[in-house]
Amino acid sequence: MQKYNVTGMSCAACSARVDKAVRNIEGVDEVAVNLLTNSMNVEGHVDCQAVVAAVEAAGYGAELVEDNSNTQGNSRGLTNGDNEADKSTVRKRSSQDLNKTQKAEFNAIRRRLITSLVFLLPLMYITMGHIMWKWPLPAVLGDNPMAIGLLEMTITGIIMVINQKFFINGFKGLRHMAPNMDTLVALGAGVSFAYSLVVLFQMTAVPPAEAAMTMDGMEAGGAMPRIHELLHGLYFESAAMILTLITVGKLLESYSKGRTTDALKGLMDLTPQEARVVRQDQEMMVSVEEVLVGDIYVVKPGESIPVDGVIVSGGGAVDESALTGESIPVDKAEGHEVTAATINVDGYMTCRATRVGNDTTISQIIKMVSDSAATKAPIAKVADKVSGVFVPIVLIIALITLAVWLLAGETVGFALARAISVLVISCPCALGLATPVAIMVGNGIGARNGILFKNATALENVGKTEVVVFDKTGTVTTGKPKVMDVIPNDNISQEDLLKYAAAVEAKSSHPLARAVIDYADNQAVQILDVSDFKNITGQGVTAELNGSQLYGGKAEYIREKVGEAYDAFALKHNVANMAAQGATPLFFAVDDQMYGMITVADEIKEDSAQAVKWLHAMGIKTVMLTGDRIETARVIAAKAGIENVIAGVLPNTKSEVVQAISERAKVMMVGDGINDAPALTAADNGVAIGAGADIAMDAAEVVLVENRMTDVVSAIRLSKYTLRNIYENLFWAFFYNIICIPIAAGAWIHLTGWEMNPMYGAAAMSLSSFCVVMNALRLNLYDIRKETRISKSKSEEDAISNYLKEIVDKYVVVDLLKENGGNKMNTVLNVEGMMCAHCEAHVKEALEKLDGVVKATADHDANQVEVELNGNVSEETFAKAIADAGYEFKGIK
C-alpha cells in the first residue's frame, strides 16, 4: 500500500475528484482519499509517479510519504538494514506530518481571518453604520457617494486578495471541470464584486447636479436621489463578508478537525525520542532510531521504555495505561516483556531490545489507527456519490434561480442576491466530513481503550454483530491451564510419564503443552532433547527420542497408535468422567506402549461471565467453538453463561461453522491462537485477543491489546455509537442542504416572506461543517464500558436461536469417549432408502472411505448402519457421504 499527502482539497467534491482520477490508473486496485487528514491510500501495483501525475492533472498536489507495496518488513540490524532505516524515516515523517500540517493550516487560516477582520470592520461601519444608520464619516469623505463606493471597492479588493486561496482553487477546479466548494465561494464573492463594479460605473454616469444631491436635502416622502439609490445597491460588503465568514467556518472546522485527531497525536507524543543503551560497558543516550535488535538498554524510575524488549535483570511496576487503558501499574520482573511508550513507575530494569523502529507495539498501533482513519467505511459511499455531482447541481440551481427571478420581473440585483445565496449556503464539506470525522474519533477512543480497528469497514460492521463465536482456550479461559493430576499406566512411574510427556511437548506452543512443561520444571524433571518433532494439527504431537517414538495428544490420536492398550487404560480410569468435570485429559505413549494421562484444567477469565451477560443484554447470541472435548467445553460454557457449544472440531471445521452461521446472521469470531486464524478470516468480523498469536492478529479486523473479554463488548458498543453518529452527521448534511438551498433561492418568499441575504447564507455555510465535526466529538462523552440494553423483536431473536440450534445439532461430533467410560467405539446411523444387499454394500463402501471409520455394517431391514470408529467424525460428514451414495441420512441413533 502507498500513502500520499494530498494538497489543495477543500471539500468532498475535491476528494471525489482525486479518487476518480487515481482510480482510473491501470494497476490501481483500491483508493481511499481522506478529506479529514488530507491523505490518500493506494493499493495495487502502480508507479508512484503515475499517481502523483494523475492527482496533479486533476488540479491538486500529491507527495508519497510511505510505500509498502514492494517491501517486506525485517528487523533492523539484519540484511537490508538500510532499506528498513529508510522506511523508518519515511514512516516517522508520515506520522509527524499530520500534526505539522494541521498546525500550519490552522495558523494560516487564523492569520487570514485576523487580517480580513481588520479591513472588514471599517467596511461594515461604512455600509451598515453610515449608509443605513447615518453614523458619521470622516470629514474627508463627507457625504460623497462616489468616494464611499470607491472606498468600499478598495477595502473589498484587499479582503479578496487576502483570501485569494478561494479564487485560485475555485477557478482551478473549474478549469479542470471539477468545481468544488471554493468554486461556489469564489463565484458568490466574485459575482457580488463584479455586479457592484457595474453599479459603481453607473454611478459615474449620474449627472453632476443629481450626484450633488444629498440625503439631507430630500423632501419628506420624496424619492431617493438616483446616486444614493445606486449606492444602496452595491454588494461589495456581501463579497467581503462572504469570504470572511467562510474563513471563520474554516478556522472552526480546522480547530475541531484537529481535536478529532487528538488521540492519534497523543499516541505519537508518547513515542520516546531517546534511549539509554549499554555499549562497551558504558551507558550512553542515543536516539531511539539508533537502537538495534539485541541491544541492552536501561530504564530508570519515571522514564519511558524506549523500545519493546524483555527484562534481563531488575524489574519494577510499569504503567501501561497508554496502550491498554488499565490505570493500575503492572509488576514486571526478569523474563517479562516490556513495551515501548509505557512508563517505569518504580524500580530499575535492564532490558534486551526485541522490537525496534516500526516493529514496536506503539508504532504498530499508531500505524493501525492512522491507516484505519484513512480508509472508507461502506456507508461513506452514499455521501461520495452525492459529493461527486453536488457542486455542478448547485451551479445549475443558482443559474435557474437567477433566470426564474429575472423572468418574474425582479431586478437584476434581487435575482443575483438569490443566486449568490444559493452558491454560498450550499455545503459539500459537511457531506465529505460526515463519515471520516466520526471514524477518526471512534478510532481514537478505541486506541485509548486498547481496542484497535484495522479499517473503517470493521468499525462500522462490528456494531451490527448478531452472534459472537468464542474460542475457548485463551479467550474465554485464561489460556494458562494447570496440571491437575498425573496418572501413569500400570508398571509406569509418574516420573517416567512426566519425563517423556515433557520431552514430546517441549517444542509445542500450545497452552496445554506449556502447562505440562511448567509442571515438569516445578517437579525438577529434566527435559530431554528430542528430534523429528511434528505437530499434527488438532490431534497431537510426536517426536523421536533415542530411537523410540513419543506420542502425546487426544484420545483418538493415541488410540490410533496403541490400540487396545488405550481402551483398557480409559476404562480403568473412567476418562469420560474427568472430562465431564471440566478437565482436559492429555494421553501419552511410547512406541506401542500406553504410558498414561495428564489432566489439565483451564479456569475462565474473571470477566468472561460479565462479558457474556452484557452481550445477552444487547440481544446478541453466543457460541463456544473449540477443539476440546464436549464435556470439558460444556463445563466452561456453563460457567461463562454461553448458550451454545460446538466442541471437538478441527481448525478447518471451525471455519465451516462460522461460515454456516454467517449465512443467517452477522458473526463475530473471537480467538487468540493459530488454529483460530481460518475462522477469524471467515467471520464477518474477526477479533483477536492481543495476548494471542501474531497470525491470529493478522487474520482479524479488530485487535484487543489487553486480554479482556469485556473489551469485546466495548468494541461492539463503540461501533454502535460511531455508526449512530455517522447517521446523525449524514442526516444533518443532507437536511441542511435540502432545507437551506430552497430558502436561499427564495422559494418561500411569497408564502412566508423569508428572504435570505447572501451574508447570512455564508454564515450558515461556515457553521454547517463545524456542527458536523462537533457532533462527532460528542463520541468522547460516551462510556463504552457502561452496560447497554438493546431490545430486539422476539421473533428475530427466536429465529437466530433456532438457526444456531440447527448448526449445533449439525456439527455434533461423535465422541469416542462419550459412553461407558470411553470403551465404546461404535455408533448407529439411521439411513433410509436401502432396499437390498446391494444397497447395503453401497452404503458400507461410502462410509468406510471416511477418515475415522474402521468398519460399517448396514441393515436395510432396520434402516440402520452400525459404524466402528477410530476417530471423530461429524454428523455433517456422515450425512454428505450417505447422500452422495444416493440414500437419506436420518441422524445418529
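Among contacts between residues at least 6 apart in sequence, what percentage join residues at least 24 apart? I looked this up at the outset and found 71% for the protein. I note here that the model is predicted.

**Entry 1: the whole protein**

I recorded 33 helices and 32 strands. Of the 893 residues, 54% are buried. I then took the accessible surface, which comes to about 38,200 Å². Carbon and sulfur atoms account for 54% of that surface.

**Entry 2: helix 13 and helix 14**

I noted the crossing of the two as right-handed.

Which residues of helix 13 meet helix 14? I listed Val394, Leu395, Ile397, Ala398, Thr401, Leu402, Trp405 and Leu406. On the side of helix 14, I found Val412, Phe414, Ala415, Leu416, Arg418, Ala419, Val422 and Leu423. By class, this contact of helix 13 with helix 14 holds 14 nonpolar residues, one polar and one charged.

**Entry 3: helix 6 with helix 4**

Helix 4 spans residues 145-162 and helix 6 spans residues 181-204. I found that their axes come within 10 Å, with a crossing of roughly 160°. Helix 4 is therefore roughly antiparallel to helix 6. Is the crossing of helix 4 and helix 6 left-handed or right-handed? I recorded it as left-handed.

From helix 4, the residues in this contact are Pro145, Met146, Gly149, Leu150, Met153, Thr156, Gly157 and Met160. From helix 6, they are Phe193, Leu197, Leu200, Met203 and Thr204.

**Entry 4: helix 6 with helix 5**

I stayed with helix 6 and examined how helix 5, residues 164-175, packs with it. The axes of helix 5 and helix 6 are 7 Å apart, at an angle of about 115°. That makes helix 5 roughly perpendicular to helix 6. Helix 5 passes helix 6 in a left-handed crossing.

On helix 5, I listed Lys165, Phe166, Phe167, Asn169, Gly170, Phe171 and Leu174 as making the contact. Their counterparts on helix 6 are Met181, Asp182, Thr183, Val185, Ala186, Leu187, Ala189 and Gly190. The contact of helix 5 with helix 6 divides into nine nonpolar, four polar and two charged residues.

**Entry 5: positive phi values**

Most residues other than glycine have a negative phi. I looked up two residues with a positive value.

Asp281 has a positive phi of about 65°, although it is not a glycine. I located Asp281 in the loop between strand 5, residues 274-279, and strand 6, residues 282-287. Is Asp281 buried or exposed? Its relative accessible area is 74%, and the cut-off for exposed is over 50%, so Asp281 is exposed.

Asn863, also not a glycine, has a positive phi near 55°. Asn863 is found in the loop between strand 29, residues 853-859, and strand 30, residues 864-869. I recorded a relative accessible area of 29% for Asn863, which makes it partly exposed.

**Entry 6: single residues and their contacts**

Thr7 is found in strand 1, residues 2-7. Its C-alpha atom is separated by 4.8 Å from that of Gly61, which is 54 residues away along the chain. I found Thr7 in contact with Tyr60 and Gly61.

Ser655 has its place in helix 25, residues 651-662. Its relative accessibility is 13% and buried means under 20%, so Ser655 counts as buried. The contacts I listed for Ser655 are Pro678, Ala679 and Ala682.

Lys666 lies in the loop between helix 25 and strand 24, residues 667-671. At 40% relative accessibility, Lys666 counts as partly exposed. Which residues does Lys666 touch? I found Lys464, Thr465, Glu466, Val467 and Asp684. The C-alpha atoms of Lys666 and Lys464 are separated by 6.7 Å, and the two residues are 202 apart along the chain.

Notes
Residues numbered from 1 in each chain as written. Predicted model: local features only at pLDDT ≥ 70, side-chain atom pairs only at ≥ 80, totals over all residues. Heavy atoms only, no water. Helix = DSSP H or I, 4+ residues; strand = E, 2+ residues; numbered from the N terminus. Buried < 20%, exposed > 50% of the residue type's maximum accessible area, 1.4 Å probe, protein only. Contact = heavy atoms within 4.5 Å. Areas by Shrake-Rupley, 256 points an atom, 1.4 Å probe, with all protein chains shown as cover. Left-handed = near helix turned anticlockwise from the far one by under 90°. Nonpolar A, V, L, I, M, F, W, Y, C, P; charged D, E, K, R; others polar. Axes fitted to C-alpha atoms, helices over the stretch in contact; angles between N-to-C directions. Parallel < 35°, antiparallel > 145°, perpendicular 65-115°, else oblique. Lists of a residue's contacts leave out its neighbours within four places in sequence.
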